[in-house]
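Here is a short briefing for a reader new to this structure. Look over the sequence and the 3D view first, then read on.

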Amino acid sequence: MSSASSDEELGTEYTFYRDKPDWKDIEPLSQDEDDPVVAIDYSPEFTDVFNYFRAIVSKGEKSERALILTKDAVKLNPANYTVWQYRREVLKELNKDLYEELCFIEAIIFKQPKNYQVWQHRRILVEWVNDPKYEKNVTKIAIEKDAKNYHAWQHRQWVIKRFNLYEDELNFVEKLIELDVRNNSAWNHRYFIINNSTGFTEDILRKEIDFTLENIRKATENESSWNYLRGLVLHNNQGLSGNKTITEFCESLYSSGNKSSFLLSLIVDICGEQASKGVVDADVKIERGRALCEELATKIDPIRKNYWRYIAENLENGIKTSGDSSKVL
Amino acid sequence: MGSILKDVELKENIPTTVIFSKHIEFLTDYGQQKESYEAVMTDYLRMSGMYWCLTALELINTSPFPKNDIVEFIKSCQDTESGGISASNDHDPHLLYTLSAVQILCLYDSLDAIDLEGVTRYVASLQNPDGSFAGDKWGEIDTRFSFCAVATLSLIKKLDVINIDKAVEFVKSCMNFDGGFGSRPQSESHAGLIYCCVAFLSITGKLDIVNQDNLAWWLCERQLPSGGLNGRPEKLPDVCYSWWVLSSLAMLGRLHWIDRNALKKYILACQDIETGGFADRPGDMPDPYHTLFGLAALSLLGLESIEKVNAAFCMPQSVIDKLQIHIQMLQ
Ligand SMILES: [Zn+2]
């Protein structure tokens, strides 16, 4: 409900449809309301537009004036999915210039970027014209305004996958991560791009690990980059404990006095993995892991103390709590 | 370390108990408000609005509205051709509102009032060859719709009309490297969509495909120092996300991994003591949507004065029991 428009006015010189001479032939259809749970009072403009909209729909009229009417109706309520559907039917019927419609929906998207219907409308138009050339720019602007806009990211990923537009995407993502290293959507997109284009080859994996560690260093409490690192490890058959770059990074960060819960958690997992591989000093590894869990539970992250105690308990059983690639891949 | 955590601060004089009578007032009045902007906006999602209000009222043991009127309204929203149900009269059918309608009818033990064959046909018609579901004839794909489809069919005992294996395969393909789920393959993990996927798997009995501990850790990382839960990293806490995270943890058998008292305090602080109702965050405008999810979350947290809620369906457990529906809950 947070997507409610605050921009519903149709302009100061709104002429009621009931006063328009070219609408004289239409009998407006009002909504009958007698149920207390559903009874609602609308503004006069709203009632006017939607009474005529209902009349047009019931007649099945697909005309220029119907198109204008739907424009007013979506401005009053861009979340009304029925109006958008009808508008598309009219667009098709009249064989309208869909590039014009792409411009129109772009303007609405920038006013209502968190609305499902506007993005869906755009996707259908892009399918119809079979031309994605504006999509990267539109989503870029939407993402610049709200870096975590789920709809914008979803649209961008759809268009990239649908039209094979992976080129230059890593640069786009890199800039966003540079701007805000905590942007989880950008990290997810990075994974999406690599996974669907080059794949995580040995070479790319090495580069990605370096890139991620560098960014972890910038913000060691940043869940997104640590999660991404764990995602990378899923593609590495030496596991977590077998990757010297990662283990050395963690140990050096730890000995610098860093107490990020994500760092400690990774060291716990490294200990667990080493122990389950049957190293000679398995007991020592488990003991260390447990001590870290206890520190997390009591001092660093007590809000999740039950989680950390669970991890400690399961260390000995060799239950890995991360890096279990069997399910995701 | 200089981390800037996005969170809210709870004030001193926040409510610490549930103000039941105010909520009843709020929910009862909501549909009747005159010239309220919110009321205007609810037209296109009226069926869901009714589900939020009526379920919230049921959870606090009230049902002030005449059932017949509500059932008649729902009947009038069913499209005879496709069998689907719309948000309101003069709207097109959609899976979201079909589920809301079926949920309300279950509350009122009135499933027979609509054409259930039609609902079955409609839901089945929206499944794609890859197992995913579209929300309506325009083909928007989202794991939300996978959930709506199996929840609807499960409530009317018609789960066998769709290809469950394919549907599960699609949901599984939306599992991410962090254990979470998004709207489509490799879309960012998001607590609302995780709820949809976990509830989907719980209803279909396929919860064993998740990375239980990985996912539950991601979910409990959503709890912020204020006690509230957010829906993604670096987002503000919100009562509705608190429900989605909490119910998912409940189905995963890991509800105890978050700090229950802290969450309870946060949710109670989101009540509006003047008007009743819950908001997303303390001090914001209340609405029926956050009121339902606030009450439902408090129910999962064990508040005895609220009816027990079913974590997958977000409906009173007594209603689910009566329908003899069993969902999978991990240990
Ligand atoms: Zn919310």
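**A helix in chain B**

Asp109(B) comes after H5(B) and has a positive phi, near 50°. This is a predicted model: local features need pLDDT of at least 70, side-chain atom pairs count only at pLDDT 80 or more, and totals for chains, interfaces and linings use all residues. Residues are numbered from 1 along each chain as its sequence is written, chains are lettered from A and ligands numbered from 1 in the order in which they are written, and side-chain values use heavy atoms, with hydrogens and water left out.

- Helix H5 of chain B covers residues 95-107, 13 residues in total. Helices (H or I, at least four residues) and strands (E, at least two) are DSSP runs, numbered from the N terminus.
- From first C-alpha to last, H5(B) reaches 19 Å, close to the 18 Å expected at 1.5 Å a residue. The expected span is 1.5 Å times one less than the number of residues.
- H5(B) is mostly covered, with 12 of its 13 residues buried. Buried means under 20% relative accessible area, exposed over 50%, partly exposed in between (1.4 Å probe, protein chains only).
- Among the buried residues of H5(B) are Leu95(B), Tyr97(B), Gln103(B) and Cys106(B).

- Asp238(B) sits in the loop between helices H10 (212-220) and H11 (239-251), and His290(B) in helix H13 (288-300), so the pair ties together parts 52 residues apart in sequence.
- Both Asp238(B) and His290(B) are buried.

**Chain A**

- Mean pLDDT, the predictor's confidence in each residue from 0 to 100, is 89 for chain A.
- Chain A has 15 helices and zero strands.
- Of its 329 residues, 55% are buried.
- Arg304(A) lies in the loop between helices H14 (282-300) and H15 (305-315). Arg304(A) counts as buried because its relative accessibility is 6%.
- Contacts (heavy atoms within 4.5 Å) of Arg304(A) include Glu221(B) and Trp257(B).

Definitions and conventions:
Lists of a residue's contacts leave out its neighbours within four places in sequence.
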